[in-house]
Amino acid sequence: MKIKELSKIKGAFKYIGITSIVFLIILGLFFELSVSYQEANITKANMTNMQKTIDEYNNLAIKINEETYRPVDKEQLDTVQTEILNNLAKNQLLLEKFSEKEAKKTNKKDTRNIL
């Protein structure tokens, strides 16, 4: 009878051991899934924030580009000045004074002239 009882106890220990291992595996998988879900939410929030920043930038760029006195690159300066002078002639306006102003110094290395 002792052998039967020992084999029953061994069977119970095997059952408990296997159940514990399966439970730990499931718990680990759940933890990994939880971490992945949190990372996905953080990434989604970052993407939303970046898209909002890009949209704000684009709206401001459109607003600035629609302004009459907007910054232009040095490469565009001659073209813009020519366009202004042509518009003056086209509308039969007289230009009394014309001079270039120095670009304001900024911390950035971007040098732009303002018309």
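Colleague: Which residues of α2 are buried?

Modeller: The buried residues of α2 are L77, V80, Q81 and L88. Looking down the axis of α2, you will find these buried residues within an arc of 105 degrees, so they line one face of the helix. There is a simple rule behind such a pattern: an α-helix has 3.6 residues a turn, so residues three or four places apart point the same way.

Helix α2 covers residues 74–90, which is 17 residues, and at 1.5 Å a residue it should span 24 Å. The C-alpha atoms at its ends lie 25 Å apart, in agreement with that expectation.

Now follow the chain out of the helix. Just after α2 comes Q92, with a positive phi of about 55 degrees, and Q92 takes this value although it is not a glycine. Q92 sits in the loop between α2 and β2 (112–114). Its side of the story is an open one: Q92 has a relative accessible area of 74%, and because the cut-off for exposed is over 50%, it counts as exposed.

The chain has two helices and two strands, and from the N terminus on they follow the order α-β-α-β. Buried residues make up 5% of the 115 residues. The accessible surface of the chain is about 11500 Å², with 61% of it belonging to carbon and sulfur atoms.

The other helix, α1, runs over residues 2–66 and contains I9. Together with F13, Y15 and I16, I9 makes a nonpolar surface patch of about 480 Å². I9 itself is partly exposed, at a relative accessible area of 43%.

Finally, a word on confidence. The average pLDDT of the chain is 84, and 83% of the residues score at least 70. Among the elements, α1 has the highest mean pLDDT, 91, while β2 has the lowest, 50. Where pLDDT is low, the predicted coordinates should not be read in detail.

Note on methods
Residues are numbered from 1 along each chain as its sequence is written. This is a predicted model: local features need pLDDT of at least 70, side-chain atom pairs count only at pLDDT 80 or more; totals for chains, interfaces and linings use all residues. Side-chain values use heavy atoms; hydrogens and water are left out. Patches are made of residues with over 30% relative accessible area and no salt bridge: like charges are joined within 9 Å, nonpolar side chains (Val, Leu, Ile, Met, Phe, Trp, Tyr) within 5 Å. Accessible areas come from the Shrake-Rupley method with a 1.4 Å probe; for residues, only the protein chains shown count as cover. A salt bridge is a side-chain nitrogen of Lys or Arg within 4 Å of a carboxyl oxygen of Asp or Glu. Helices (H or I, at least four residues) and strands (E, at least two) are DSSP runs, numbered from the N terminus. Buried means under 20% relative accessible area, exposed over 50%, partly exposed in between (1.4 Å probe, protein chains only). The expected span of a helix is 1.5 Å times one less than its number of residues. The arc is that of the directions from the helix axis to the C-beta atoms. pLDDT is the predictor's confidence in each residue, from 0 to 100.
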